[in-house]
Amino acid sequence: MDNSICQVYEEIQSLEEEIKLLAEKYEDNQHESTFFSDEEIVMSIKSFQREFQGESKGRESPSDLKAELESLEADLSFLMKFTGIQFTSHSKKTVEKTRNRTVQKHRLSGNCHSLSFQLEFQLLEMQNKESVSAVITDLSIIMESGEDSDMSKFVSSTEERGNLLTFFRSLSSYAEWYEHRRCTFLHFKEDEPTVDA
């Protein structure tokens with residue numbers, strides 16, 4: 001009896017040591033995966049500023065368009081690495097268009113780490129002399145949240161508020177930790193001793 005207790009105790013110590021090593025390895029990977037040079041970040045910020053300030057207007061030549069496309073692809077790649085979010089499809093349909101009002105229906109699907117999602121919403125853009133305002137309406141989110149009631153509550157709350165920025169920020173963080181939990185449980189499931197009857 002004492003021998004089996006010692007074996008269990010040694011196994012527990014071994015698992016604790018393995019958990020400690022995995023935690024250290026995870027920390028190292030986090031630092032590597034989220035490390036982007038200041039130059040990459042500045043280039044990405046400048047690219048976005050150009051887009052929002054309208055500096056890209058007037059580019060008509062194919063070489064300018066190709067250079068702009070390459071820049072946008074680099075920015076997209078950076079953002080996918082940074083957030084873990086990858087869009088797999090997008091469709092847009094204009095529902096209504098007047099002189100100062102546009103309604104478009106959007107459908108997005110993608111993955112964030114190992115979680116897939118689908119979004120459907122309407123984007124209402126209203127333009128007056130000084131500015132353009134945009135409002136998201138009729139937001140519908142479909143996710144594989146499984147048994148996680150907190151995620152279901154979060155999705156419902158986000159649908160009511162129509163806040164996509166909060167959704168994507170939270171999804172990125174949640175999906176990253178979801179993946180870590182899944183890998184941890186798989187690790188322990190693989191190490192489970194079999195009982196012979």
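1. Basis. In this predicted model, local features need pLDDT of at least 70 and side-chain atom pairs count only at pLDDT 80 or more, while totals for chains, interfaces and linings use all residues. Residues are numbered from 1 along each chain as its sequence is written, and side-chain values use heavy atoms, with hydrogens and water left out.

2. Salt bridges. The whole structure holds 3 salt bridges (a side-chain nitrogen of Lys or Arg within 4 Å of a carboxyl oxygen of Asp or Glu). One of them pairs glutamate 96 with arginine 101, with 2.9 Å between the closest N and O atoms.

3. Glutamate 120 meets lysine 105 at 3.5 Å, N to O. This pair links strand S3 (residues 115-127) to strand S2 (residues 101-112), 15 residues apart (strands are DSSP runs of E, at least two residues; helices are runs of H or I, at least four; both are numbered from the N terminus).

4. Helix H5. Residues 164-190 make up this helix of 27 residues, which reaches 38 Å from its first C-alpha to its last, close to the expected 39 Å (1.5 Å times one less than its number of residues). Its buried residues include Phe167, Tyr174 and His187 (buried is under 20% relative accessible area, exposed over 50%, partly exposed in between, with a 1.4 Å probe and protein chains only).

5. Cysteines. A search finds 0 disulfides (cysteine sulfur pairs within 2.5 Å). Cysteine 112 is buried at 0%, whereas cysteine 183 is partly exposed at 40%.
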